[in-house]
Amino acid sequence: MDVLSGTASVIAVIDVSAKITALCSQYFIAVKDAKNDIERIKQKVGNVKRVLEGIKKLLLDRLYQTRLSTTHDLFLSLEQCLQELGSLKSELESGKAMSRFGARALKWPFTSKQVEKIMSNLEGHEHTFTLALQLDLAAQDTHTLHQKLDLTTLPAAEGASYDSYAEEHNARCLPNTRTKLLDEITTWANNKEGKSIFWLSGMAGTGKSTIARTIAQSFADCRQLGASFFFKKGEGERGNASRFFTTIASDLVKHEPGILAGIRKALKEDSTIPYKALKDQFEKLILQPLLEIKQARLQALARVVVIDALDECEQEADIRAILRLLAQTKDIRPVPLRIVVTSRPELHIRLGFREMPHGTYQDLVLHEVPRSTIEHDIRLFLEHKLGVIRKERKLASDWPAQQQILALVKLAVPLFIYADTVCRYVGSKGGSPTAFLNKVLHYKKATFSQLDRTYLPVLDQLLSEQEEDEKEAWLQAFREVVGSIVVLESPLSAVSLARLLQVPQEEIQCRLDSLHSVLSVPDSKDASVRLLHLSFREFLVNPQKQRKSLFWVDEKRTHQNLAFRCLDLMSGASGLRQDMCSLSGLGVLRSEIDDRTVASSLPPELQYACRYWTSHAIHSQQHIVDGDTTHLFFQKHFLHWLEAMSLMRESSRCVHLLNSLQALTGPSASIVQSFLHDATRFVLRFQYVLADAPLQIYCSALVFAPERSLVRRTFVDQVPERAKMLSMKEADWDACRSTLEGHSKYVTAV
């Protein structure tokens, strides 16, 4: 399509949008029962119109005509949108014309299901138009819209950036605290002769993440931040390195568009780079693109990359690999990088830094900062937080007493997490801040460990509120609910957790209502429940606490229970089945399926079960793969699981997961071993088909010729009835059993 016809299409869509908006307004006045649907369509059409008005201006500007006129996706979407809006307008006009008694007799011509389809189609077009407009205006030094669209192939870890929703409400340093440290990091970052990496280490609870968020915000404010990645154990892809370098690359592009050409070139040569080894990802997506930049956007200023909680990355080998690769950024020009890394001083991390070339990094140990500095900062923190509680609860102006604050400071040093948890506990609703503060001060250093002093006051208080004959039942429920929360691979909402654990939602909510001091419990039941700090998990699952702490959680047993719960959920009546999204045909591509369709068909708890049942099985260190539950799941739902993983864009992980499961089978589980062996071959053979077209899994299974009974039964039982090629009674597998019908054109590939 040329510029003139493209401009004409834009103008035509704008015109028909205006007419639809006017018609919707007339229906809104006259129709009572569908006002919400009318308003939604009206608003969505208005959004499309506004975006296209911006594109119209670009199309009329000769500087932009060439780029936009070559954007096939944009103009194809324009044609489709014009057709759909034309049909919509005709329907609305037809309904208005059929009214015999004036506006009051108007009847809204669409059902709610039809409205959902209209909204889905319009949102798809709006996304295409918005992307075209935003990206063409964002970076004039990027050659074509196609170049920018290629970045959608870079998978990023959700919630990993410092300014993500997941990190939004987490603390920053209070004014006049950590001042010397923050100044030192700023000076280091802007020193042209400085070392490329700053390692900030410290024991759990010393405030490393708070400092990292403050640093990231500070450099973002002065437009010097390049990227950020906040690792967090138990938060899906934030808990491992699989999306680390792709997320960093995605962030860097926003601030240094000059690396876009290098990334695009790498992806064009090999689109699977985001799934390759960490070394390949780093070199192709970060190192080489940075070296190929001819001129930096910010002259003389380094780009700062903030990496928080590296110790929470799952694999020690990945951590060591990340450190080796980051060391190669030492001499990058013309865009020098300055990398801030925070972590606990674990042995494998210390060894990783020692292996770096001399002069690569400088370090600072938080818990070795002068005691007077730590005391000063913790005292300011306590005075601020307790002052807020005093004001909210209308307490006396001399509360808390100065000696109480000093006692808390003495108990807290060097852990900021202790001070934060105490303030959350003291300010808990439904209790007396004075009584809670006095209770905290009874847990002295000589008797209790630092973590005990942090969390026992909260949990002991909850247990003491139970009747004597109910305490054991309360503890069992605590271990099941809270124990599950602290070992989950990715956070779930209260609603999803209740469905996964098969526990009444009221019981889950009841447990959570009293745990705001140690858990992040959102007001919405559909928002995820999160750990405030990893130390709470460590307090509960510490093996040394077995038989010593009433609140001890058996980590392996909890993982085992979660693995079985996941299997039960996937195998249940509302679990997995063929064609989860009710697609229109077997040939529908994953790229054609709207993510909202997937989300509505696969609720969060079912997505969680599909992604992580194998992880829980592995962590349990039990041979649960040999059991009847797992055996039955493989027979009835293996292909359904592959379909779900494809819908969630997770099919690339299936081979790794199947290989991991093989290690869990016992010596007598020859049938399951054989199944996993053949299933892994099948997934490897058809991995691209599985990723591209979810329902083609069932057709691909017909081509696969397993030799073992469990595999044969599994693949045959889960394909469409009309396409079965083999009956259960037949003993041998032949090359051809029947003809697949329904395709009348030439066959070019199977």
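A charge sits over a ring if NZ of Lys or CZ of Arg is within 6 Å of the ring centre and within 35 degrees of the ring normal.

**Figure 1. Charged side chain of Lys35 over the ring of Phe28 in the predicted model.** The view shows Lys35 with its charged end placed over the aromatic ring of Phe28. The distance from this charged end to the centre of the Phe28 ring is 4.4 Å.

**Figure 2. The pair of Phe682 and Phe686, with Arg685 over one ring.** The ring centres of Phe682 and Phe686 are 5.5 Å apart and their planes meet at 50°, so the pair is classed as tilted. Phe682 has a relative accessibility of 0% and therefore counts as buried. Phe686 is likewise buried, because its relative accessibility is 6% and the limit for a buried residue is under 20%.

**Figure 3. The aromatic pair of Tyr455 and Phe539.** In the whole structure, 28 aromatic pairs are found. In the pair shown here, the centres of the Tyr455 and Phe539 rings are separated by 5.6 Å; the planes stand at 40°, so this pair is tilted. Distant parts of the chain are linked by the pair, with Tyr455 in helix α18 (residues 450-464) and Phe539 in helix α22 (residues 534-541), 84 residues apart. Tyr455 counts as buried because its relative accessibility is 2%. Phe539 is also buried, with a relative accessible area of 3%.

**Figure 4. An aromatic cluster of Trp and Phe residues.** One cluster is formed by Trp613, Phe633, Phe634, Phe638, Trp641 and Phe675.

**Figure 5. Lining of the largest cavity.** Three cavities of 30 Å³ or more are present in the structure, and the largest of them holds about 50 Å³ of space. Its lining consists of Phe244, Phe245, Ile248, Phe282, Ile286, Val305, Leu326, Thr329, Leu337 and Ile339. Two or more lining residues come from each of α9 (244-255), α11 (278-291) and β4 (337-343). Helix α9 gives the largest share, three residues. By residue class, the lining comprises nine nonpolar residues, one polar residue and no charged residue.

Figure 6. Most peptide bonds are trans. Pro334 belongs to the loop between α12 (316-326) and β4. Pro400 is located in the loop between α14 (371-392) and α15 (402-412).

**Figure 7. Positive phi at Ala309 and Gln502.** Most residues other than glycine have a negative phi. Ala309, which is not a glycine, has a positive phi near 55°. This alanine, Ala309, lies in the loop between β3 (303-308) and α12. Ala309 counts as buried because its relative accessibility is 5%. Gln502 is not a glycine either, and its phi is positive at about 60°. The loop that contains Gln502 is the one between α20 (494-501) and α21 (505-513).

Technical notes:
Residues numbered from 1 in each chain as written. Predicted model: local features only at pLDDT ≥ 70, side-chain atom pairs only at ≥ 80, totals over all residues. Heavy atoms only, no water. 1 Å grid on protein atoms, 1.4 Å probe; cavity = no way out; pocket = protein on both sides within 12 Å on 5 of 7 lines; lining within 4 Å. Points joined across faces, edges and corners; volume = space filled by probe spheres on them. Helix = DSSP H or I, 4+ residues; strand = E, 2+ residues; numbered from the N terminus. Nonpolar A, V, L, I, M, F, W, Y, C, P; charged D, E, K, R; others polar. Buried < 20%, exposed > 50% of the residue type's maximum accessible area, 1.4 Å probe, protein only. Phe/Tyr/Trp six-rings, centres within 6.5 Å; stacked < 30°, edge-to-face > 60°.
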